[in-house]
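Subject: Structure handover

Hello,

Here is the structure I promised to pass on. My notes follow below it.

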Amino acid sequence: MTASKIPEMSITVYVGRKMLLLKQKILSEGRVIGKDVLKVDSFLNHQIDVNLFNEIGKEFKERFKDKKVTKILTIEASGIGIACITAQYFNVPVVFAKKTESKNLDSDTYESEVYSFTKDKSYKVRVSKRYINSDDHILIIDDFLANGCAVLGLKDIVDKGGATLAGVGIVIEKGFQDGGKMLREKGLNVNSLAIIKSMVEEKVEFE
Ligand code: 5GP
């Protein structure tokens, strides 16, 4: 572990070796909102750092290289960009769960209820039955893992489609919230590129 100081952010930095680029971005550009929300709009959730996404995609491929993956499943909107770049390394299509009903969506869908941590309300996600099949091996990809509701909703859709869950790839896991522990206890193969141990008074520390 190395420690350094980013003056603009006044965040003390503890950086492990893996996904150094991602961790450096979090430390230099991330903003802690309240006690438990990390805002990373400048490279992940609003403006997108495509070079970083490429590194993220490569790293997911490396971490799930032993798994059979036929499809990547994510949730709109922030997961889509990461999923698409990652999918290039697996050479598979991406399916994203939709949050709104629309005429464009087939009426025959798998649905699941998800509680949103950042919005503090529940919403339905849906995927057309055309795009999840019993012979699919699905890798779930998402930007953040907090309490695990989004991943559980996506897993529910995978289960309803009779597909196999190959694993769960997360860009930023907030390890001080319960999602990671809960999902791993359920036996899910969760692999997160950066795990934040704590965010106390703007000080972000990784596991
Ligand atoms: P969970 O369902 O695990 O409680 O929360 C995961 C979802 O909530 C992610 O899809 C992500 O969009 C959003 N989310 C949770 N925590 C954060 C956070 O600290 N920052 C941002 N930008 N999004 C978050």
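In these notes Ala, Val, Leu, Ile, Met, Phe, Trp, Tyr, Cys and Pro count as nonpolar, Asp, Glu, Lys and Arg as charged, and the others, Gly among them, as polar. By that scheme, the lining of the second largest pocket has five nonpolar, two polar and three charged residues.

This is a predicted model, in which local features need pLDDT of at least 70 and side-chain atom pairs count only at pLDDT 80 or more, while totals for chains, interfaces and linings use all residues. Residues are numbered from 1 along each chain as its sequence is written, and side-chain values use heavy atoms, with hydrogens and water left out.

The ligand

The ligand is surrounded by 16 residues (near means a heavy atom within 4 Å). The closest are Leu 38, Asp 142, Asn 147, Gly 148 and Lys 174. By class, this shell has eight nonpolar, four polar and four charged residues.

Strand S4 (37–39), strand S9 (137–145) and helix H5 (149–160) each supply at least two residues of the shell. Helices (H or I, at least four residues) and strands (E, at least two) are DSSP runs, numbered from the N terminus. S9 gives the most to the shell, with four residues.

Polar contacts here are pairs of N or O atoms within 3.5 Å. A backbone N or O atom of Gly 148 lies 2.7 Å from an oxygen atom of the ligand, and for a backbone N or O atom of Ala 150 the distance to a ligand oxygen is 2.8 Å. Asp 143 has a polar side-chain atom 3.3 Å from an oxygen atom of the ligand. On its own the ligand has 510 Å² of accessible area, and the protein covers 87% of it (Shrake-Rupley method, 1.4 Å probe).

The pockets

The ligand sits in the largest pocket, meaning that more than half of its atoms lie within 2 Å of the grid points. A pocket is an open set of points, on a 1 Å grid over the protein atoms alone, where a 1.4 Å probe fits, with protein on both sides within 12 Å along at least five of seven lines; lining residues have an atom within 4 Å of a point.

Of its 30 lining residues, Ser 78, Ser 116, Thr 118, Asp 143 and Phe 144 lie nearest the centre. The lining divides into 15 nonpolar, seven polar and eight charged residues. S9 gives the most to this lining too, with four residues.

The second largest pocket has a volume of about 160 Å³. Among the residues lining it are Val 95, Phe 96, Arg 126, Val 127 and Tyr 131. Strand S6 (94–97) and strand S8 (121–128) are the elements that give two or more residues to this lining, and S8 gives the most, with three.

Backbone

Most residues other than glycine have a negative phi, and most peptide bonds are trans. The peptide bond from Glu 76 to Ala 77, however, is cis, with omega near 0 degrees. Ala 77 is in the loop between strand S5 (71–75) and H4. Asn 91 has a positive phi of about 55 degrees although it is not a glycine, and is found in the loop between H4 and S6.

Regards

Notes: A polar contact is a pair of N or O atoms within 3.5 Å; within protein, one must be able to donate a hydrogen and the other to accept it, and residues adjacent in sequence count only if both atoms are side-chain atoms. Grid points are joined across faces, edges and corners, and a volume is the space filled by probe spheres set on the points.
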